[in-house]
Amino acid sequence: MEHSGFKAAIDIGTNSMHLVVARLAEHGGFEMLTSEKEMVRLGQGGGEMKSLAPDAIERSLDALARMKEVAGSFGDVEIAAVATSAVREAHNRHEFLEPARDRVGVPVEVISGFEEARLIHLGVLQALPVFDRRLLVVDIGGGSTEFCVGAGDRVIEARSMKLGAIRLTQRFLADVAADDRDGSVDRKAVKECRTYVRSALAPVAHELGGHQPEITVGSSGTASTLAEMALARRGEKPRHLNGATLGAAELRDVVDELTSRTTAERLDLPGLDAKRVDIIVAGALLLDEIFRAFSIEEMTISDYALREGVLFDRFGGEAGRELSGLRSRNVERLARQLDPDPDHAEHTARLSVELFDRTESVHGLDEHARELLHAAAMVHNVGLFISHSSHHKHSYYVIRNSEQMTGFTDHEIELIAVIARYHRKSLPAEKHAEFGALSKHDQRLVRVLAGILRLAIGLDRRHAAAVRSVRVFIDDGSVRIEPVGEPDVDLDLEVYAARERSKLLADGLGVDVRVDRPASPDATVLSS
């Protein structure tokens, strides 16, 4: 399917919603066309961010609709929207996600903290000349802070912590944000906030600091605001903050200014965005403690962050191809770590993809589905690491909770896990929670891909790679499959095992599926 050259990414955060619209350039990069930002405070008022408040949901849906309209003003545009901490943690997230999809017409992907950190790192690489340096990226949001250590396009280690400007304000500095107070900062509250943050950061700083990053990059609105305030103190007012630096001593001076003033007095400080005045104290204390914990002397500011990372990740040509390599490397690594016979998984994946390609005219699925099938086939047996009994269910749990699946979205990981879960035993059913929670489109996807996977597993029943390839013959209402092996190799067991596993694929495709013995023992020519 061909799409227009216009692409858009929307980042739905706890504090703000960001949009970037770009056009694909001839060289494979992007020409940035416009960007928008709205303070929606989606995570405010929900009490420890366990739920989204109705007024916050409506504000955010209205903002999302406006951003869709802005993006659409350029013509036919593809939009990728992701949501982070506030939506990720809320038990009632469906109250936002469903109307976003059905009313506004923008499906929103909820991404994990680790995936968020990876995408921020990818965005930073497009903004700063740091590709050849080992860097620490710090992104302070409203509900969480993401840390990522990377080198080149490789993520070495990432962490997501429930430390954010809104979260800390609500917990320790509510008086600063209260409308009926003057915003003076209580020294005891500052001390309690610092102590809490310091304690939380200590183990993470120890783990990530050991990688000895050469440069630290700040990519959040909090870091940008504090850098702008520091620059204003120097008498500088740059048009763009990208590449600007914030020193440790400068940051502490800004923190001292912020904590010694009322709200009205803080509003007079040059460089401070008035919309952040109620949460900037908490953000400043958090960043100061991060500087101290990681012994940071200077931070470089990146204008690009999550939204640009999503843009390059989803639509970015070369970036996308590199991502595919990252994804395949990670599933292979997980299989090698936990599957007792990873060679069988690799051969099963190869047969699965071949069956997918040769039945494309029947199932009509795209390259994305093909990649999900390959990933699920590679890791379908990782549950054996826990136990052989019910290992298909263990595989679901391992895949769903593994940090090795970097590069896939949260929804993609769920689909891969569900496909792997149905590689054996019972067929998918609405009564199964993980299957019942999927959309009808995704349920069909799972039936077809898990059906292909089951058949491929049968074709390698002896784990001997006896079936080297397959021939597929498609007639009206039927699919006939013949395995192809080496001359004089008996494939009766593989044919029997594949036949026994063919029902799910037949159900998914809505046609009769037959597995026949090879027409001749020396069959080597493939057909479709």
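Phe-6 is buried, with a relative accessible area of 18%, where buried means under 20%, exposed over 50% and partly exposed in between, for a 1.4 Å probe and protein chains only. The model is predicted, so that local features need pLDDT of at least 70 and side-chain atom pairs count only at pLDDT 80 or more, while totals for chains, interfaces and linings use all residues. Residues are numbered from 1 along each chain as its sequence is written, and side-chain values use heavy atoms, with hydrogens and water left out.

A search of the whole structure finds four aromatic pairs, a pair being rings of Phe, Tyr or Trp (its six-membered ring) with centres within 6.5 Å, stacked if the planes are under 30 degrees apart, edge-to-face if over 60 and tilted otherwise. Among them, the rings of Phe-6 and Phe-74 have centres 6.2 Å apart and planes at 40°, so this pair is tilted. Phe-74 is partly exposed, with a relative accessible area of 29%.

## A second aromatic pair

The rings of Tyr-422 and Phe-435 have their centres 5.9 Å apart and their planes at 85°, so the pair is edge-to-face. Tyr-422 is buried, with a relative accessible area of 0%, and Phe-435 is buried, also with a value of 0%.

## A charge over a ring

The charged end of Arg-480 sits over the ring of Phe-473, 4.4 Å from its centre; this term requires NZ of Lys or CZ of Arg to be within 6 Å of the ring centre and within 35 degrees of the ring normal.
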